[in-house]
Amino acid sequence: MPTRRGAQLSCTMGQKKQRLLQARRHQSPSDGTQKPSPKELHLGPPAALGPTRSIYFSSPEGHPARLGSAFFDQPAVSLARAFLGQILVRRLDDGTELRGRIVETEAYLGPEDEAAHSRGGRQTPRNRGMFMKPGTLYVYLIYGMYFCMNVSSRGDGACVLLRALEPLGGLEAMRQLRHALRKGTGGRALKDRELCNGPSKLCQALAIDRSFDQRDLARDESVWLEQGPPTPSEPAVVAAARVGIGQAGEWAQKPLRFYVRGSPWVSVVDRVAERDTQAGATACSHKDFNCLQTK
């Protein structure tokens, strides 16, 4: 028989065991899953905040930064001006992004323009991009070795030639691409202002070739246009004659080249046109395209 002291000890142990079982039942819900402690409630992953956006395709406010089809759907002259200040982006196969601000363009008006590849309304496999929807790239070869990049605008056969960029990102990659493709300059390192100050230099620096012909600048994953950052004031735009079209008759003198005044990245500076612009001379309108009239 157990003694009285042993009975009391057994009773005490039983009460402790019963309290322990009650505590365990309190910590575990009826379905057998463990109930988290108050601290554990705050250790889970944060609530989803919605889909993430690439910083290159949207602004901090969530509005698209990449310029879409609507931007390109305007006449060649107004598009050539609108390009100034926008950011051209080229993503290489290894993910490197090359970026530059557009500072110089030329407008080509279509069949009526004697300097355009579409003059007279002629369409060929080579210039088909000029007749495609606004924003289509038209890339062609000159002198058998260099490329030029154009973007189609509103109006059949009309487009804008991209002539010069201010390099903003990926300059060393641009320098390597230019060094690999340029000819007759020895081993001299190119200065920053020499990387993209011309239509063919621009294509070399961005690794643009005929494979980009007829691509959609509004949708392509390797090259696109972003809205440039706001500036305190509108830059002065010079309207001057286009370059290298001496055989185009009266069209050779029409001021359809546009560049940012004072930019060191421009390919060719026209001092006369700059003086006329500063003096408030009347540039050609996009209705009659008259030449600048000096006083």
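Guide: Start at the hairpin of β3 and β4: three residues sit between the strands, and tyrosine 143 takes a positive phi near 55°. This is a predicted model, so local features need pLDDT of at least 70 and side-chain atom pairs count only at pLDDT 80 or more, while totals for chains, interfaces and linings use all residues. Residues are numbered from 1 along each chain as its sequence is written, and side-chain values use heavy atoms, leaving out hydrogens and water. The strand and helix names follow DSSP runs, numbered from the N terminus (strands are E, at least two residues; helices are H or I, at least four).

β3 (residues 137-142) and β4 run antiparallel, joined by six bridges; strands count as paired if DSSP finds at least two bridges between them. Across from tyrosine 138 you'll find asparagine 150 in β4.

Of its 36 lining residues, Tyr140, Ile142, Cys148, Val243 and Gly244 are the closest to its centre. Here, a pocket is an open set of points on a 1 Å grid over the protein atoms alone, where a 1.4 Å probe fits, with protein on both sides within 12 Å along at least five of seven lines; lining residues have an atom within 4 Å of a point.

In α3 (residues 76-83), Ala76, Val77, Leu79, Ala80 and Phe83 are buried, meaning under 20% relative accessible area (1.4 Å probe, protein chains only). Down the helix axis, the buried residues fall within an arc of 165°, so they line one face of α3; the arc is that of the directions from the axis to the C-beta atoms. Their cover includes β4 (146-152), β2 (97-108) and β5 (159-169), where contact means heavy atoms within 4.5 Å.

Phe83 is also among the residues with the most contacts inside the largest nonpolar core, along with Phe72, Leu88, Met149 and Leu225. That core has 63 residues, and the largest share, six, comes from β5. A nonpolar core is a set of buried Ala, Val, Leu, Ile, Met, Phe, Trp, Tyr and Cys residues joined through side-chain atoms within 4.5 Å.

Conventions:
Buried means under 20% relative accessible area, exposed over 50%, partly exposed in between (1.4 Å probe, protein chains only).
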